[in-house]
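These are my notebook entries on a structure I went through residue by residue.

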Amino acid sequence: MKFITPAFVIAATITLSGCGLFQKSSVSKNDDLAVINLDTIQASAKIPATAVYQESSPRINDLIHTKLDVSFDWSKQYMYGKATLTAKPYFYPTSTLMLDARGMEIKEISLVKTEKGISSPENKKGSKDKDPEAPVTSKQPLKYTYADEVITIDLGREYKNTEEYTIFIDYISKPNELKKKGGSVAITDDKGLYFINPEGKEKNKPTQIWTQGETQSASVWFPTIDRPNERQTQEIYITVDKKYATLSNGELAFSTDNADGTRTDYWKSELPFAPYLSMMAIGEFSVVKDAKWRGKEVNYYVEKEFEPYAKAIFGNTPEMLEFYSNKLGVEYAWNKYSQVVVRDYVSGAMENVSATLHGEFMNSTDRELLDSDHEDVIAHELFHQWFGDLVTCESWSNLPLNESFATYGEYLWIEHKYGLDAADLHSAQSRSGYLAESSRKQENLIRFHYDDKEDMFDAHSYNKGGQVLHMLRKYVGDDAFFASLKYYLETNKFQSAEIHNLRMAFEKITGEDLNWFFNQWFLSSGHPDLVIRTSYDAASKKEKVQIKQVQDFSKTRLFKIPMYVDIYNGGASPQRHKIVITKADETFEFTSNDQPKLVNVDAEKMVLCTKDEMKSSEEWAFQYKNAPLYLDRYEALTELAKKPKDTLAVQTVMLALNDKLDDMRYNAIILLKDMPAGHEKEIKDKLIALAKNDPKSVVRATALEYLTEHYTDADLQPLYKNGLNDRSFSVLGASLAGIAKANPEEGMSLAKKYENEKSVSVLYSIADLYSKYGNDSNNEFFIKSEDKFSGFEKIGFITQYASFLKRAKKDEVVNEGAALMERIAKDSSISKWVAYYAKKSIKDLATMYEDRESFAAQKLKTLKDANPNAGGTQELESIVANSKLQKEKMMAIYNGLK
């Protein structure tokens, strides 16, 4: 599972933390206290809450095989299913089978009996039409109860673990009638089975069905033991109209055309996997086949519109399969690999066995791919096919065994394909996500105490876990790291695992006891906060490096930290020293004949920590020019940017405009705003060159944005107009903004030409222009464009539209906008975050009218106080009355959404 954390969520996290970011939480005086009277001494101690240990689900029955036969009623949004489940007791004898089944209508549950054909009464009569050896099946109804989303079946007798039995269940799945609904930031809904635009009433949206099993929602569409430590093989018959393509796990063994105009596709999976990794996708997809990989089919299911771009979107998949198989030493296990893009998906993407499902953000044209390709998502889900699918966490407490690895799989692919700098950039962005979350909570990676399993899907399980795996790799070395992963996968394949299986695999390969590493990074919370100070003693020719751990030890442990220290005495070849920090305050000494040009602590930039490090401008500049890693240059650049009046700092930021990595060039442009006066022409000339010639669209667009914001020179207009011809939509949008700032009328006229573009990037740029310079006539653009924005993109649309509405002159324009916001907020298929912003925009409009009412009322009072008979009061009274009416109208809509 890959979830995309939008920037606004991070911003909201920081905002909510406020000024108390590092403050201890206060305890209410009303908390439960135990009061003990000891003569004249009174002491109080808070009664500890009973923590629920989230254990792995007990294995009572072992699910062996699931056969499904499904068809659909699109108008009712029902799925008609017939499930045949083969199971046996796991160890102890049992006469009961308990199955998870959410929101179903159960029609029949029977025990399937199979007898040799020779015993059939019909065969005994000597029928020539029957094979006397063919098995004959019959069904024996079983007693059962169905309550609290669990079917408890009386098997009729006690079975031993050497005896298999088969159960038949006829049922109707009714996902929209679920009584219990949930979700999380990562997986926003747990309905399990989704009918998208089932009656075709929504324009610009295809009709689809798809499923989402993680965490425990597969049991919405078929009865099962819905736990990550369960395993099954699977076959499924899917009956649909002939116009639809289907996708499921395993291979499409055959298709059968039916007399009623439908078709039945038969999908078969012969290798076992967890039920939550089962999937279906149905729709009018174009199936684009890539070159086979080692004889296995690789294909992409996309909407017809995106068929020409499917290989551009997913085309590195075969190379990824080859790279991961070789790097891990374990070949991709499943018999095909498919990827499908669906509408209204409830997360980012999902690693169903052999068939990954992506949200519609993946739909892109070749022009859109110039600005964003989401290749990290493709890599994440593919790496899950090993970590999560081949070997699955045995409980949600062990979720990092799935998600931390998939996150690190992104790093490995980027490192292989695009180089170390690009991988380290990606890692740094991921690290920032964890550090942002750590300011409000710090949890163990492996958590056996949580309120809800969905709590596990956070920046700890994903981002922090990826950082920890990188540290482990750097500690044991590449050869040992990948040999350990190979051993872990091979010894646990087609099984579930817990964190100790991983530890023991690394200990088996390295021969080292690694409890210390796993205990502090996987089974404890937090990270070290380091204060680093260096000094040189010329008399003893010693360089001293003092490192303090200053984290709050009442909450976070003292860490054992192996790291490297590089000492540069001149030039780019340092002397490397390995140190191990084990104390809260340690000083290390290194011999150096001269005062070093640079002491680079944590030279591999491997330690997950915060750092307070003092260096001179000369040292930071030397680090930027000579230290080898992206993070070396990034640290140096950001620290030097804090000294905008320092000549060396200015020179280094300017130098970074030529950095080999596009992100460094991008960051250098952002940091130019802090440069002192006197460099305007130099900056302008350099940015014009970047805007024209930089190979990366994000750098070209950012250069244009900086020029627009900081320069009003007329000679820039040809640059902006030339940018309208750029194939990058982000550059086009930035060029429009540049033209509009100098000449709003011309910018608005040009924007009109692009209103029918399908690119959300362009539409967002137009929305931004209209929110700043538009008038009531531009409202139609927002109304007709709303359905082109989806997922979290719609939040940006809502924000821009709300700004536009606040500038509207006519109340009917505001009312039309409020009605649209209300429809968005009421849409059950959207994220709760999108709904929140839609509701907030309506409240903001009410506040706008309240402010107008208050301002006009105050002005009216002042006018009447000065002269009771003053003219002009009628107009002000009308404004007061109308603003009050509009405010009440907005609040009625807002309150109706609560």
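Entry 1: I looked up Ser-354 and found it buried at 1% relative accessibility; buried means under 20% relative accessible area, exposed over 50%, and partly exposed in between, with a 1.4 Å probe and protein chains only. Ser-354 has a positive phi of about 65 degrees, although it is not a glycine. Its place is the loop between strand 21 (349-350) and strand 22 (355-358); helices (H or I, at least four residues) and strands (E, at least two) are DSSP runs numbered from the N terminus.

I note that the model is predicted: local features need pLDDT of at least 70 and side-chain atom pairs count only at pLDDT 80 or more, while totals for chains, interfaces and linings use all residues. Residues are numbered from 1 along each chain as its sequence is written, and side-chain values use heavy atoms, with hydrogens and water left out.

I then checked Asp-148, also not a glycine, and read a positive phi of about 50 degrees. Asp-148 lies in the loop between strand 8 (144-147) and strand 9 (150-159), and is exposed, with a relative accessible area of 65%. I recorded a cis peptide bond from Glu-214 to Thr-215, with omega near 5 degrees.

**Entry 2: rings.** My search of the whole structure gave 50 aromatic pairs; rings of Phe, Tyr and Trp (its six-membered ring) pair if their centres lie within 6.5 Å, and planes under 30 degrees apart count as stacked, over 60 as edge-to-face and the rest as tilted. Trp-74 is buried at 15% relative accessible area, and Phe-195 is buried at 8%.

I also noted Tyr-475 and Trp-516 as an edge-to-face pair, 5.3 Å centre to centre with 80 degrees between the planes. This pair joins helix 8 (residues 460-476), which holds Tyr-475, to helix 11 (residues 515-521), which holds Trp-516. Both residues are buried.

**Entry 3: charges over rings.** Lys-560 lies over the face of Trp-516, at 4.2 Å from the ring centre; a charge sits over a ring if NZ of Lys or CZ of Arg is within 6 Å of the ring centre and within 35 degrees of the ring normal. I found the charged end of Lys-139 over the ring of Phe-168, 4.0 Å from its centre.
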